[in-house]
Amino acid sequence: MSEQGESTQVSVSFKAPDGKSNLKFLDKLCCGGIIERFTKAKLDEEHASRLAQEMHFWANHENGLNKLLIVWDCLYWARRQHIKIVDVEGAVDSIFTAYLLEITPIDPVLGQLKFNEIAAEQILPVTISVPSLLELNLLQTYINNRYAEAWRPFVKIGSSHTDF
């Protein structure tokens, strides 16, 4: 909170590749997630309705969309580096788009979890756990180089390795 009692928001941006808008990029990622996670790459009516609801939400909440894509980017980069993701904790379990982006293994539609717009806008904080200190350092270095310090309030990285 600031001195006037207003909350302060961290401004952080995700820049989609190839000059796409972040929303178009999210749509592309979701299409890929549908192909990966659903038989015959087709959504039933309940899943399709939920996806439409969330895409409408993201179209009107750029700050939350940026944060969602940054969390996706961190996980995507880590997986490409063969860094095992032990766990991702946070407000993402009720977000169907997070399921399609492989941020969470939980399908909130099947789990009957209602979409929480406040949690979706904030996505605060998400904790990403990796198995070793080396992997933790690699991921922190990547995030620092890509997003400077702006990511710290909403992404926490921890190691499940306890032998310091």
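A: In this predicted model, residues 1-8 have a pLDDT under 50, and the model gives them three contacts beyond four places in sequence. Where pLDDT is low, the coordinates should not be read in detail. Over the protein chain the average pLDDT is 82, and 80% of the residues reach at least 70.

The helix pair is made of α3, residues 62-80, and α6, residues 133-147. Their axes come within 10 Å and cross at roughly 135°. Angles over 145 degrees would count as roughly antiparallel and 65 to 115 as roughly perpendicular, so α3 is oblique to α6. The crossing of α3 past α6 is right-handed.

On the α3 side, the residues in contact are I70, D73, C74, W77 and A78. They meet L138, L139, Y142, I143, R146 and Y147 of α6. Sorted by class, this contact holds nine nonpolar residues, two charged residues and no polar ones.

Turning to the aromatic rings, a search of the whole structure finds ten aromatic pairs. One of them is formed by F57 and F115, with 5.2 Å from centre to centre and 80° between the planes. Planes over 60 degrees apart count as edge-to-face, so the pair of F57 and F115 falls in that class. F57 belongs to helix α2, residues 45-59, while F115 sits in the loop between α4 (96-100) and α5 (117-122). The two residues are 58 residues apart, and their pair links distant parts of the chain.

Terms used
Residues numbered from 1 in each chain as written. Predicted model: local features only at pLDDT ≥ 70, side-chain atom pairs only at ≥ 80, totals over all residues. Heavy atoms only, no water. pLDDT = per-residue confidence, 0-100. Contact = heavy atoms within 4.5 Å. Axes fitted to C-alpha atoms, helices over the stretch in contact; angles between N-to-C directions. Helix = DSSP H or I, 4+ residues; strand = E, 2+ residues; numbered from the N terminus. Parallel < 35°, antiparallel > 145°, perpendicular 65-115°, else oblique. Left-handed = near helix turned anticlockwise from the far one by under 90°. Nonpolar A, V, L, I, M, F, W, Y, C, P; charged D, E, K, R; others polar. Phe/Tyr/Trp six-rings, centres within 6.5 Å; stacked < 30°, edge-to-face > 60°.
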